[in-house]
Amino acid sequence: MKIAKILNNNVVVVVNDQQREQVVMGRGLAFMKKTGDELDDSKIEKIFALQNDELVAHLTELLSHIPMEVMTTCDQIISQARTRLGKLQENLYIALTDHCNFAIERQKQGVPISNALLWETRRLYPKEYALGLEALDIIDARLGVRLPVDEAGFIALHLVNAQLNGEMPEVARITRVMQEILNLVKYQLRLEYDEESLSYQRFVTHLKFFAQRMLNRTVVADDDMTLHVAVKENYPQAWQCSEKIGEYLAAQYQRGLTTEEIMYLSINIERVRKESKPQDRA
């Protein structure tokens, strides 16, 4: 590999055989080197072969001023997350590294930021939140900085964002919509959710993508009307609850629901209703 650009002693940019830029990282990789020199393969620790040229440009800018230790720490967190969550969007490398570097600097200065969505994040995204807590341990062990638990929630939302391929403000809005719908179902049907049940986890997953479509104004068109009628007749409580949700979303977000969307909501609500405990009505 030949060096196309030197960012600092530890990070360089190379051009591969397909004429695409790659970011290469390793301790002392560019020491006493200049553009056009061959890299010492034994010093390469990580190659970022991102598919999007714009992402490569953003990563290049980021790595030019962020300590290598922060980048390698975030790379470990992302590798662990990929093992548990599957495919994650490439922009996570930039978003999470930038966030963690800023959080570490804030913590050193004694100005941590509280997370208003921590409770919802912990409940709605338990896998991502658990990874967020593990990330705090990794940062502490590798960088000697103990971040507050609020940051586990922020890291979790970055992981959610990487699965949805949205922006962080959108993920925050999605989380709020999910919580609003969960509360509506809970109080309409007087349920106590069994948050460990498979039906609850499926419901939360459905709501995650439902909320994203709703906020992006993506409409699911009506399809099989006979199926709509069957679901309405067989799950009358869940259907009525879904219609109430539709009325709420129309009032709050100016987004009505199609019959198809009401049907899918009803199916998921019925599943969770059957596996939930009724509230004490006394």
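**A charge over a ring, and what lies around it**

Mentor: Let's start where the charged end of arginine 106 sits over the ring of phenylalanine 102, 4.9 Å from the ring's centre. A charge sits over a ring when NZ of Lys or CZ of Arg is within 6 Å of the ring centre and within 35 degrees of the ring normal. Before going on, a word on what we are looking at: this is a predicted model, in which local features need pLDDT of at least 70, side-chain atom pairs count only at pLDDT 80 or more, and totals for chains, interfaces and linings use all residues. Residues are numbered from 1 along each chain as its sequence is written, and side-chain values use heavy atoms, with hydrogens and water left out.

Helix α3 (residues 92-109) packs with helix α6 (residues 149-164) at an angle of about 170°, and their axes are 10 Å apart. Helices (H or I, at least four residues) and strands (E, at least two) are DSSP runs, numbered from the N terminus. The axes are lines fitted to C-alpha atoms, for helices over the stretch in contact, and angles run from 0 to 180 degrees between N-to-C directions. So α3 and α6 are roughly antiparallel to each other; that label is for angles over 145 degrees, while under 35 counts as roughly parallel, 65 to 115 as roughly perpendicular and the rest as oblique. From α3, the contact is made by Leu92, Ala95, Leu96, His99, Cys100, Ala103 and Arg106. From α6 come Glu151, Phe154, Ile155, His158, Leu159 and Ala162. Contact here means heavy atoms within 4.5 Å.

Now for the wider setting. The protein's secondary structure comes to 11 helices and 6 strands, and its C-alpha atoms fill a box of roughly 75 × 40 × 30 Å along the principal axes. Of the 282 residues, 48% are buried, where buried means under 20% relative accessible area, exposed over 50%, and partly exposed in between (1.4 Å probe, protein chains only). Among contacts with a separation of 6 or more, 66% are between residues 24 or more positions apart.

Next, the sheet. Four strands form an open sheet in the order β1-β2-β3-β4, with antiparallel pairing; two strands pair if DSSP finds at least two bridges between them. At the edges stand β1 (3-8) and β4 (46-48), each with a single partner strand, so one side of each is left without a neighbour in the sheet. From one strand to the next, the twist averages 25°.

A hairpin joins β1 to β2 through 2 residues, and 4 bridges join these antiparallel strands. Isoleucine 3 has valine 14 of β2 as its bridge partner, and valine 14 in turn has glutamine 22 of β3 as a bridge partner. Strand β2 (residues 11-15) is joined to β3 (residues 21-25) by 5 bridges, again antiparallel; valine 12 has valine 24 as its partner in β3. The hairpin of β2 and β3 has 5 residues between the strands, and in it glutamine 19 takes a positive phi near 65°. As for β2 itself, 4 of its 5 residues are buried, so this strand is largely enclosed by the rest of the structure.

Two loop residues are worth a look as well. Arginine 190, in the loop between α7 (168-189) and β5 (191-192), has a positive phi of about 55° although it is not a glycine. Its relative accessibility is 30%, so arginine 190 counts as partly exposed. Glutamine 254 also has a positive phi of about 55° without being a glycine. That glutamine lies in the loop between α10 (236-253) and α11 (259-274), and glutamine 254 is exposed, with a relative accessible area of 56%.

To finish with aromatic rings, the structure holds 1 aromatic pair. The rings of tyrosine 193 and tyrosine 200 have their centres 5.2 Å apart and their planes at 50°, so the pair is tilted. Rings of Phe, Tyr and Trp (its six-membered ring) pair if their centres lie within 6.5 Å; planes under 30 degrees apart count as stacked, over 60 as edge-to-face and the rest as tilted. Both tyrosine 193 and tyrosine 200 are buried.
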